[in-house]
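Work through the exercises below with the coordinates open. Each task is followed by a stepwise solution.

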Amino acid sequence: MRRTGTTRRGALTATGALALGAVLTGCGGGDEAADGGKPARSGARAAAAKTERTLREKAVRDGALLLARYDLVAEAHPATAAGLAPLRAAVREHGKALAPPRAKGAPKADAPPAAPGPVSAAPKAAVRELAAAERRRADVCADALLTAGPELARLLASVAAAAAAHAYLLTELAEETAA
């Protein structure tokens with residue numbers, strides 16, 4: 001009768017395979033450059049960091065413009081202010097989440113951009129324009145996913161989804177708004 005289960009030969013084979021895997025993993029020194037032991041990919045990392053910073057700064061600027069538009073619509077049409085308030089608050093939070101981290105002692109970011117052009121005289125049209133601005137923001141964030149790193153891509157995807165939801169809610173609010 002033959003014995004089943006772990007045999008001495010099987011255990012030695014598995015141990016040898018694990019040891020060989022550990023040795024081969026430890027021999028992968030290809031990331032080191034000849035100049036001082038710096039990683040060879042530091043240039044790629046720097047480029048990726050610059051791209052991420054640029055994407056974040058653009059998203060923050062776009063959000064600031066959108067906030068300014070929310071303020072203009074609420075100021076021009078006070079009847080819409082209550083419906084716009086929660087959406088405006090969400091846009092403000094997105095801006096905070098997207099803001100690039102500041103180094104210690106670094107000056108605060110530039111002042112927000114100037115408010116966008118005039119708002120439509122009709123409340124319904126003004127809210128529709130705001131919905132169109134949210135749709136554009138969703139599209140811009142979705143396009144930025146192609147060049148963003150994984151963490152920023154997740155954040156941009158979330159902002160794009162929120163902007164699309166805001167566009168839908170604003171379209172509904174426009175229908176409920178008196179002309």
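**Exercise 1.** Locate E52 and R56 in this predicted model, and state how far apart they are along the helix.

Solution. 
- Both residues sit in helix α2.
- They are four residues apart, about one turn of the helix.
- E52 and R56 form a salt bridge; the closest N and O atoms are 3.1 Å apart.

**Exercise 2.** Classify E52 and R56 as buried, partly exposed or exposed.

Solution. 
- Buried means under 20% relative accessible area, and exposed means over 50%.
- E52 has 29% relative accessibility, so E52 is partly exposed.
- R56 has 8%, so R56 is buried.

**Exercise 3.** Check the length of helix α2 against its residue count.

Solution. 
- Helix α2 covers residues 42-76, which is 35 residues.
- The expected span is 1.5 Å times one less than the number of residues.
- That gives 51 Å.
- The end C-alpha atoms are 51 Å apart, so the two values agree.

**Exercise 4.** Which elements cover the buried residues of α2?

Solution. 
- The buried residues include L55, A59, L66 and V73.
- Their cover includes α3 (81-98), α4 (123-144) and α5 (150-176).

How values were computed:
Residues are numbered from 1 along each chain as its sequence is written. This is a predicted model: local features need pLDDT of at least 70, side-chain atom pairs count only at pLDDT 80 or more; totals for chains, interfaces and linings use all residues. Side-chain values use heavy atoms; hydrogens and water are left out. Helices (H or I, at least four residues) and strands (E, at least two) are DSSP runs, numbered from the N terminus. Buried means under 20% relative accessible area, exposed over 50%, partly exposed in between (1.4 Å probe, protein chains only). Contact means heavy atoms within 4.5 Å. A salt bridge is a side-chain nitrogen of Lys or Arg within 4 Å of a carboxyl oxygen of Asp or Glu.
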